[in-house]
Amino acid sequence: MNDFSFKPTLRQMNSKGAIIVRRFRKKISSNQRLSNWYNRFYSFLEFKTSSYKKKISAQFYVKYFLLAVFFYLFLTNKFRIKLEFGKQLNSNEMVKMSTNAALPILIDSSAIHAIPGPSLSFEHIFLIDEADDSDTRAKKKYIKRFHKVARDEMRKFGIPASIKMAQALLESNAGQSKLSLDNNNHFGIKCFSKNCTKGHCSNFHDDHHKDFFRIYSTPWASWRAHSRFLSSDRYNHLKKHKKDYKMWADGLSKAGYATDKKYPEKLIRIIEEFNLYALDI
């Protein structure tokens, strides 16, 4: 029996179909061209099958090797260190500061230059110097207290931390105003509701004798309310300026945030005096 012939059946086929099959098999066996074609086709299939088996086995071993390496790194705690190192490199690439960011700081009568890097250290902003007056010391203490809050609000709402910090310093007088001390209201947020409950707001003299300002449980609640306030339809378009604090200061004034015409200049002066733009990294 040839390689290309059919396997014998278990029982004798006497039907017409069996007779046709036997004749067809005999005809194929006697045809040399069909025999050669069959042999080539069988060899081709055998070659392809073996090559696919090799590829499949190779892929399997590669995946097995990678899983073993990953498992080893995970057990030896090296994989976690790699992730943190990569994160620091990404943050370092994102550092965008002007040349004014390199600021001299007097420590033990020696001048050094401090630029916030991947470690995100902002100590040079609120470091108190012996030559600072009481007002400057109060502002630096306020910046130190709320600089993390300002950055968290920037990440959540897209408002530059420099703008929020400058507004807080100006509106609350570095946390020393009566409104910030009594109401925890650090941004001068007013209350326009006609049906206020007890403890919701209080009356302070501002432009009119009937000006009511919101009362907050904590200063942080005031910061969050201010972020939501600047995310309203009236000011939300300013987020297109991203971290351009000058455009933000001018935009807030044009949108009617304050009645003081010099409000943008005051914000910009505070930001540049205390280098608050470093918080926008």
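Phe44 is found in helix α2, which spans residues 32–75. In this predicted model, Phe44 counts as partly exposed because its relative accessibility of 46% lies between the limits of 20% and 50% that separate buried from exposed residues. Together with Trp37 and Phe41, Phe44 forms a nonpolar patch on the surface, and the accessible area of these residues together is about 340 Å².

The chain contains ten helices and four strands. Read from the N terminus, the order of these elements is α-α-α-β-β-α-α-α-α-β-β-α-α-α. Of the 281 residues in the chain, 33% are buried. Among contacts with a separation of 6 or more, 54% are made by residues 24 or more positions apart.

Lys140 lies in helix α5, formed by residues 134–157. With a relative accessible area of 11%, Lys140 is classed as buried, since the value falls under the 20% limit. The side chain of Lys140 is joined to that of Asp132 by a polar contact of 2.8 Å. When residues up to four places away in sequence are not counted, Lys140 touches Asp132 along with Ile125, Phe126, Leu127, Ile128, Asp129 and Phe274. The C-alpha atom of Lys140 is separated by 9.7 Å from that of Leu169, which is 29 residues away along the chain.

The side chains of His186 and Tyr142 are joined by a polar contact of 2.7 Å. Neighbours within four places in sequence being left aside, the residues in contact with His186 include Tyr142, Phe146, Gln167, Ala168, Glu171 and Ser172. Gly175, Ser180, Pro219, Ser222 and Trp223 are also in contact with His186. Asn184 lies in the loop between α7 and β3 as well. Although Asn184 is a residue other than glycine, its phi is positive, near 55 degrees.

A positive phi of about 55 degrees is likewise found at Lys242, which is not a glycine. Lys242 is placed in the loop between α8 (219–230) and α9 (245–254). The relative accessibility of Lys242 is 61%, so this residue counts as exposed, the limit being over 50%. Lys140, by contrast, is buried at 11%.

Ser121 is situated in the loop between β2 (110–114) and α4 (123–126). Its relative accessibility of 37% places Ser121 among the partly exposed residues. Ser121 and Leu279 are 158 residues apart in sequence, and their C-alpha atoms are 9.6 Å apart in space.

The cysteines were also examined. Cys191 is buried, with a relative accessible area of 12%, and Cys201 is buried, with a relative accessible area of 17%. The count of disulfides comes to zero, where a disulfide requires a pair of cysteine sulfur atoms within 2.5 Å.

Notes. Residues numbered from 1 in each chain as written. Predicted model: local features only at pLDDT ≥ 70, side-chain atom pairs only at ≥ 80, totals over all residues. Heavy atoms only, no water. Helix = DSSP H or I, 4+ residues; strand = E, 2+ residues; numbered from the N terminus. Buried < 20%, exposed > 50% of the residue type's maximum accessible area, 1.4 Å probe, protein only. Contact = heavy atoms within 4.5 Å. Polar contact = N/O pair within 3.5 Å; in protein donor to acceptor, adjacent residues only side chain to side chain. Patch = residues over 30% accessible without salt bridge, like charges linked within 9 Å, V, L, I, M, F, W, Y side chains within 5 Å. Areas by Shrake-Rupley, 256 points an atom, 1.4 Å probe, with all protein chains shown as cover. Salt bridge = Lys/Arg side-chain N within 4 Å of Asp/Glu carboxyl O.
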